[in-house]
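Good morning, and thank you for making time for this presentation. I would ask you to keep the sequence and the structure in view while I speak.

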Amino acid sequence: MVKFNRYETKLSEVEGRLCNGSYIWKIDNYRQCRQDALSGVMTAIHSPSFHTSLYGYKLCMRINLNGVDSGVGKHVALFVHMMQGDYDSILEWPFTGRIALSILDQSDGAEYRHHISETLVAKPNLLAFQRPTAPRNYKGYGYVEFAPIESIREPQYVRNNTMLVRIQIFH
């Protein structure tokens, strides 16, 4: 079992390297994750890491299903965190570019889908976009009020107890 978990981890790392800055995070067991957020057991969930390109920047997403700060109990919060990568020494810091975040509408029929999306522009002066000095930058950047919790309860955003969150990086 341990060997299998190691291969699963390696496969996830390869997937994260080959995504070319467009990554879909599958959040399984959504109802339990939401309950954990409400009860305070686990208020934040971090995605697996992914890269902007094979040798590019390493990042992850963080979602707070019951919100943070002014959005607690009202909005889902969504953030991006820079992570230490193997090639940080040859990358230009701070990170610059545009990042599109979306909670995907999983409705049948693409013409009826309405993803919840926001695009942010990296602000090089912020700590969130500086070269990480820890495995994951403590400071993230994103939206305290990304989406109203009430709208996420609609069945198209959580299907088969799964939520899909996409990030697209334009660097």
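Let me begin with a definition: strands here are DSSP runs of E with at least two residues, and they are numbered from the N terminus. In that numbering, glutamine 168 belongs to strand 9. Please bear in mind throughout that this is a predicted model.

I shall stay with glutamine 168 for a moment. Its relative accessibility is 23%, and it therefore counts as partly exposed, given that buried means under 20% and exposed means over 50%. Which residues does glutamine 168 touch, if we leave aside those up to four places away in sequence? They are Gly21, Ser22, Arg98, Ile99 and Ala100. Along the chain, glutamine 168 and asparagine 20 are 148 residues apart, yet their C-alpha atoms are separated by 8.8 Å. The side chain of glutamine 168 also makes a polar contact of 3.4 Å with the side chain of arginine 166.

Arginine 98, one of the residues in contact with glutamine 168, has a further partner. Arginine 98 lies over the face of phenylalanine 170, at a distance of 4.6 Å from the ring centre.

That brings me to the aromatic residues. How many aromatic pairs does the structure hold? There are seven. In one of them, the ring centres of tyrosine 57 and phenylalanine 95 are 5.0 Å apart and the planes meet at 85°, so this pair is edge-to-face.

A second example is the pair of tyrosine 143 and phenylalanine 146, which is tilted, with 5.9 Å from centre to centre and 55° between the planes. Both tyrosine 143 and phenylalanine 146 are buried.

Ring pairs also build a cluster, made up of Tyr57, Trp93, Phe95, Phe129 and Tyr141. Proline 94 is in the loop between strand 5 and strand 6.

Tryptophan 93 is also touched by arginine 131, which contacts Asp88 and Ser89 as well, not counting residues up to four places away in sequence. Arginine 131 is found in the loop between strand 7 (116-121) and strand 8 (141-148). With a relative accessible area of 42%, arginine 131 is partly exposed. From arginine 131 to methionine 83 the C-alpha distance is 8.1 Å, although 48 residues separate them in sequence.

I close with two backbone details. Asparagine 29, in the loop between strand 1 (22-27) and helix 2 (30-39), has a positive phi of about 55° although it is not a glycine. Asparagine 161 likewise has a positive phi, near 60°, and is placed in the loop between helix 3 (149-152) and strand 9 (163-170). As for accessibility, asparagine 29 counts as partly exposed at 41%, whereas asparagine 161 is buried, with a relative accessible area of 15%.

Notes. Residues numbered from 1 in each chain as written. Predicted model: local features only at pLDDT ≥ 70, side-chain atom pairs only at ≥ 80, totals over all residues. Heavy atoms only, no water. Phe/Tyr/Trp six-rings, centres within 6.5 Å; stacked < 30°, edge-to-face > 60°. Buried < 20%, exposed > 50% of the residue type's maximum accessible area, 1.4 Å probe, protein only. Lys NZ or Arg CZ within 6 Å of the ring centre and 35° of its normal. Helix = DSSP H or I, 4+ residues; strand = E, 2+ residues; numbered from the N terminus. Contact = heavy atoms within 4.5 Å. Polar contact = N/O pair within 3.5 Å; in protein donor to acceptor, adjacent residues only side chain to side chain.
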